[in-house]
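Below is a short report on selected local features of one protein model. The sequence and structure come first.

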Amino acid sequence: MRAPAPKYAANDGVIAAAQAALGDMLIEATDLVGEVNLTVKRESLVEAMLALRDGAMLQYQALMEIAGVDYPARPERFDVCYMLLSYTRNHRIRVRVTTDEVKPVPTVTGIWPVAGWLEREVYDMYGVLFEGNSDLRRILTDYGFRGHPQRKDFPLSGYVELRYSEEAKRVVYEPVQLAQDFRNFDFMSPWEGAQYVLPGDEKAAGPGPGDTPQGKAPPPPPAPPAAPAVPQAKGAPSPVTADEVQKAGEKAKKVTKPRAKTAKTTDSTAQTGAGEPNPGNKRKSKPKDPDVVPTKGKGQNQ
């Protein structure tokens, strides 16, 4: 097997077969970066899906995913993308329709029941309506959530926040209140330290031992700077004695002699003397009772 996954079929002839099967329902067909994209009319989505599923040269039997995309600058700002897979041909395509906040998209739950959950995700994240879905409810956000998080104009902090109220004994929703205004955020490095006193920090230190009710005591005079280290002059006597230098040289020249006459090149013990090849891995005699631990004393067990 040359690849870790099965190789998909080529895109040759897919667009031509789709154009023949869809006809006027097809708005645009492209083959970009190895993927076939079909843009169909929103009102004809169900008929187009049936043609793609039952077409002789198509046979896209499975709906793998439904995803949404938001383009706020367009009149129909939302793209609803359907990823289809053909089991018999081992090929994938993407079908796309466009809509806005008001115009609903026909549901495809009659063709693929799994689309019920997938359409709920797109509705929850983008607010796209699906006509014919009998259970179009939020599925990813909490109860009472406001807005649709995947829209480009949705604030990062959200509209409301929840907390547990000890007074109400339940979880309550409140408008988002930022504890710090981002416009006045100090981006100075914390290692440098601020050159000004923040409001409230002047009281953080508290009264010192020399402070008086009339005012603070004058600060003590600064200590004189320490003298810089001066390198040792040339010709100065070394702090190390001659005996220490001689002992250090003899220790460095000392060579440890091996005990064996010849170098050991095998796992056998014939070259290095007595001993077993694997000491401690086998017993000479098996104890009579494995639950009894023998001791040196006679008749005594630990």
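## Basis

This is a predicted model, in which local features need pLDDT of at least 70, side-chain atom pairs count only at pLDDT 80 or more, and totals for chains, interfaces and linings use all residues. Residues are numbered from 1 along each chain as its sequence is written, and side-chain values use heavy atoms, with hydrogens and water left out.

## Helix 1

Helices (H or I, at least four residues) and strands (E, at least two) are DSSP runs, numbered from the N terminus. Helix 1 spans residues 14–22, and its buried residues are Val14, Ile15, Ala17, Ala18 and Leu22. These residues line one face of the helix, because they fall within an arc of 160° seen down its axis. The arc is that of the directions from the helix axis to the C-beta atoms. Buried means under 20% relative accessible area, exposed over 50%, and partly exposed in between (1.4 Å probe, protein chains only).

The cover over the buried residues of helix 1 includes strand 1 (26–32), strand 2 (35–40), helix 2 (45–54) and strand 5 (91–99). Contact here means heavy atoms within 4.5 Å.

## Helix 2

The buried residues in helix 2 are Leu45, Ala48, Met49, Ala51 and Leu52. They cover an arc of only 160° around the axis, so they sit on the same side of helix 2. Helix 1, strand 2, strand 4, strand 5 and strand 6 (105–106) are included in what covers them.

## Aspartate 79

Aspartate 79 is placed in strand 4 (residues 78–86) and is buried, at a relative accessible area of 5%. Its side chain makes polar contacts with the side chains of arginine 74 (2.6 Å) and arginine 96 (3.0 Å). A polar contact is a pair of N or O atoms within 3.5 Å; within protein, one must be able to donate a hydrogen and the other to accept it, and residues adjacent in sequence count only if both atoms are side-chain atoms.

Neighbours within four places in sequence aside, aspartate 79 is in contact with Ala67, Gly68, Val69, Tyr71, Arg74, Arg96, Val97 and Thr98.

## Positive phi in loops

Glutamine 59 lies in the loop between helix 2 and strand 3 (62–70). Its phi is near 60°, a positive value in a residue other than glycine, and glutamine 59 is partly exposed at 27% relative accessible area.

Asparagine 90 lies in the loop between strand 4 and strand 5. Although not a glycine, asparagine 90 has a positive phi of about 55°; at 28% relative accessibility it counts as partly exposed.
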